[in-house]
Amino acid sequence: MQLMYVGCRFVGTPAETMANAELKRVQQRVDQLMAMKCCFDAALGDPDLDADCLAFYRLVAAWLLRLVSPSGLAELPLPEQVPKTWALLPEWFVEDLAEFLLYITRYRPRVIHNQQLGDLMLFMVVFMGSPSYLKNPYLRGKLCEVVHLWLPQEQDAPSFTRGRRAAIVDESLSYLFDAHPLVLKYLVPSLLSLYTDVERTDRANQFYAKFNMRQYIGDILMHCWSLPAHREAWKAYAALEGGRGPYLRFANMLINDSTYLLDEALKKVQEMREFEAQQSLAASRTPQEQQELQHNISRTGQQMSSSFYLAAGTINTMAVSTSEVAGPFLLPEMVDRLAAMLNYFLLYLTGPQRKMLKLKDPEKYHFKPKALLAQICTIYLNMAQADRSGVFAAAIAADARSYRPDMFAEAALVLRQFGLMTELEIQQLEMLAAQVAQAAAQGQAEEEVLGDVPDEFLDPIQYTLMKDPVVLPTSGTIMDRPTIMRHLLSDQRDPINRQLLTPEMLQPATELKAKIQAWLQEQRGNRMQS
C-alpha cells in the first residue's frame, strides 16, 4: 500500500518515502503479532493441554491447603500462627491459579464440564476468609470472582455479568455450593469478611474496584441465601458477640455503599434530564456542540447505569437478609444511620422531588423506581417486625433531615396505585407510620421537658444528649458510645488525634453518666410539679 496525496506537496518528497517505509514496518509488525496470536490460540485452545493444566492446579491447591492445615486436611478456621512455609511463598502462586481458573471458565468452559472441582472450591473458601494468610484483599477478591463465575446463571441478568458457559456446564457446577460441609459452613462468613476487607486494596482505582468486587460478593450471597444451610451459617455469623461481631462492619459497609451509590445515581438522573432537554433543541446547535452533548449523554448514562445496577444489588441484599437478620441493624450505633438512609430515599422517591426522576427510557440505565421503592419499604417492614422495643420507630422520627409525617402516606398511595406490595404489607407500613408519629410526639414532649441541655452533657460530634458517655483514652475526649462506635466501624482511629483506637479501649465515663441521669430526673421532676 502506498500513501497517495493528490495535489499535495507531500507526494514525491523524502517525507513520503520515509512515511511509506514506516508504514511497511508497522504492517510487518502487525503481521508478526497476528501470527503470534494464532499460535497462542492454537496452543491454549488444545483441550488436552487445558485439562492437564487444570489437573496441575488442582494439585497445587491441594498442596497449599496441606501447608496451612496441621492435620493435613483442610479445616477452618486456620491456626492463628501462620506457618513459615506458607509465609515464604510468593503471592503469584495463588494469583496464577486464580488467573487460570478465570481464563478456563470464561473461554474454555467445556474443559471444566464434569470435572471434580470441589477441592478448588474449598481452596477458595479457605483463603477468601483468611486475611492473615492472604493479606492482599485484591487477590482474595480474584478468588471471589472465580466463585462468581461458577454461580448458576440468571437469564435476566445484564449481559456483562453473564459468562459464556453452556447450560450443561452450568448444571455441572451447581453442586459446588452445597456439597462440602466446610463450604456450607464457611462460604458465607468468608464472603461477609471479604466484603469489608476490600474497602482498601492496593489497586490504583481501588475506590471503583471495590464496588465491582462487592457486586460479585452480593450475587454469591443472594444465591447462598436460597440454600438453607448457607442461610443458617449467615444467621450464626451475624449473631456472634451479640450482633456486635464482624457482621456489624458488614452491615455498616452495606449502608455506606447503598447511600453513596443510590445518591450518586439519583443525582445523575437530574443531569440526564437536563441533557435530554438540550437534545430536543439539537437542531439549533453547531455540529461540535451536538457532538459534545452526545458525549455528555453517553458518559452520564454509563455512570448512572453502573451506579443504579450496583445500588440495586446492595439494596436487594439488605431487603432479603433483614427478613431474618435484623438484630445488628437495631443496635444503637446502627439504627439511626439505617433510618436516616431509608427516610432520605423514601422522601426522594415519593416526595415532591419524584417529578425530577422522570426519564425517557429509565430501564435503559437500570433505573427501576417502582422496584426500588418496594425494596425500601420491604426493609422498613423487616426492621419494624424485628423491633420489640420501639427503637426503630424512634430513630425514624428523630431524623430531622428527612422525616416528614406524610411521607409514609404518600408511599402507601404509590404502592397501591401500581400494586407494588400486597394490601396486608401496605397496612403494616401504615401501622409503622402511626408508631413513628407517636414516637415523634413523645420526642417533641421530651425536648420540651429537658429544655436547654448543658454543653458538658452533649456529644461533641452529634451535639445530642449523651446516654452512654465514654472516654477516648487516646485523646481524653468524651463522646456518646453509639457515636464513636459508628466511627470505629469505618476507621479504627481516634477522630480527634488519629491515633489507633478500638472498641475495647473505650472507658465508661461513669461519673458523667451519673450526673446526666440525675439531671434528667431533676428536669422530669420539675416538669411534673409544674
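Modeller: In helix 13, V335, D336, L338, A339, L342 and N343 are in contact (heavy atoms within 4.5 Å) with V391, F392, A395 and I396 in helix 15. This is a predicted model, in which local features need pLDDT of at least 70 and side-chain atom pairs count only at pLDDT 80 or more, while totals for chains, interfaces and linings use all residues. Residues are numbered from 1 along each chain as its sequence is written, and side-chain values use heavy atoms, leaving out hydrogens and water.

Colleague: At what angle do helix 13 and helix 15 pack?

Modeller: The angle is about 55 degrees, and the axes are 8 Å apart. Helix 13 is therefore oblique to helix 15 (angles under 35 degrees count as roughly parallel, over 145 as roughly antiparallel, 65 to 115 as roughly perpendicular and the rest as oblique).

Colleague: Changing topic, how many salt bridges are found in the whole structure?

Modeller: The search finds 24, a salt bridge being a side-chain nitrogen of Lys or Arg within 4 Å of a carboxyl oxygen of Asp or Glu. D50 and R108 form one, at 3.8 Å from N to O. D50 lies in helix 2 and R108 in the loop between helix 4 and helix 5, so the pair ties together parts that are 58 residues apart in sequence.

Colleague: Is D50 buried or exposed?

Modeller: D50 is buried, at 2% relative accessible area, whereas R108 is partly exposed at 24% (buried means under 20%, exposed over 50%, partly exposed in between, with a 1.4 Å probe and protein chains only).

Methods. Axes are lines fitted to C-alpha atoms, for helices over the stretch in contact, and angles run from 0 to 180 degrees between N-to-C directions. Helices (H or I, at least four residues) and strands (E, at least two) are DSSP runs, numbered from the N terminus.
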